[in-house]
Amino acid sequence: MDHHRYERLLNATLGKPGRLRESYMSRNHPGLLAEINEYSAGDDLPFPQRVWHWAQAVKKRPLCTCGKPTTFNKNWLEGYRPYCSSACSLRSDQTKDKRKATIIEKYGVDNVAKNEQIKARTKETNLERYGHESSASGHSSATKTGANGTAGQGNKGGNGSSGTSYSRT
Ligand SMILES: [Zn+2]
């Protein structure tokens, strides 16, 4: 999807898909219509289809996996169907399932096994590295320094007043 083109379409139709008709466009946006038509010039396509090609910036008509052309959905936003027939769609689903199965067979199990190996290895190194250390670090820093009880004997009596001299100038 060419987002710029898509936005222009939205603006031209004011967001109302029903307005996206050739008559409306030729009346209100002849320039845009010309551009759309030019894009798939030569191909005698219905208007929604022309819009799709232009908005998607796709010149070629999409083909089914079997090579046949696929049919166009009525709505230009939905575009072409991915397959020409239900038979092709079914066959493709089967291929997908088969491919998935092979990947699991080939890589899935292998990956899991590797993961287990890595996990086991890290566990070992952790034990080696931190196992002793963590068990040896049992010294709690709980040597509470007791309150030194040499307080409370306040030296009352302010004897050491060294002359409160109110010096006047
Ligand atoms: Zn097909």
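Leu33 is found in helix α3; helices here are DSSP runs of H or I with at least four residues, strands are runs of E with at least two, and both are numbered from the N terminus. This is a predicted model, in which local features need pLDDT of at least 70 and side-chain atom pairs count only at pLDDT 80 or more, while totals for chains, interfaces and linings use all residues. Residues are numbered from 1 along each chain as its sequence is written.

Leu33 counts as buried because 20 other C-beta atoms lie within 10 Å. The cut-offs are 20 or more other C-beta atoms within 10 Å for buried, 12 or fewer for exposed, and partly exposed in between, with C-beta atoms placed from the backbone. Not counting residues up to four places away in sequence, Leu33 touches Glu22, Met25 and Ser26. Contact is defined by C-beta atoms, placed from the backbone, that lie within 7 Å. Leu33 and Val51 are 18 residues apart along the chain, and 8.9 Å separates their C-alpha atoms.

## The protein as a whole

The protein has 5 helices and 0 strands, in the pattern α-α-α-α-α along the sequence. Of its 169 residues, 9% count as buried. Among contacts between residues at least 6 apart in sequence, 31% join residues at least 24 apart.

## The largest nonpolar core

A nonpolar core is a set of buried Ala, Val, Leu, Ile, Met, Phe, Trp, Tyr and Cys residues joined through C-beta atoms within 7 Å. The largest one here has 9 residues: Leu9, Met25, Leu33, Ile36, Val51, Trp52, Trp54, Ala55 and Trp76. Two or more residues of this core come from each of α3 (30-39) and α4 (47-56), and α4 gives the most, with 4 residues.

Trp52, one of the core residues, is in contact with Trp76 and Gly79 when neighbours within four places in sequence are left aside.

## Helices α1 and α4

The axes of helix α1 (residues 3-13) and α4 come within 7 Å and cross at roughly 135°. Axes are lines fitted to C-alpha atoms, for helices over the stretch in contact, and angles run from 0 to 180 degrees between N-to-C directions. The two helices α1 and α4 are therefore oblique to each other; angles under 35 degrees count as roughly parallel, over 145 as roughly antiparallel, 65 to 115 as roughly perpendicular and the rest as oblique.

Arg5, Tyr6 and Leu9 of α1 make the contact with Val51, Trp54 and Ala55 of α4. By class, the residues of this contact are 5 nonpolar, no polar and 1 charged. Nonpolar covers Ala, Val, Leu, Ile, Met, Phe, Trp, Tyr, Cys and Pro, charged covers Asp, Glu, Lys and Arg, and the others, Gly among them, are polar.

Terms used: Two residues are in contact if their C-beta atoms, placed from the backbone, lie within 7 Å.
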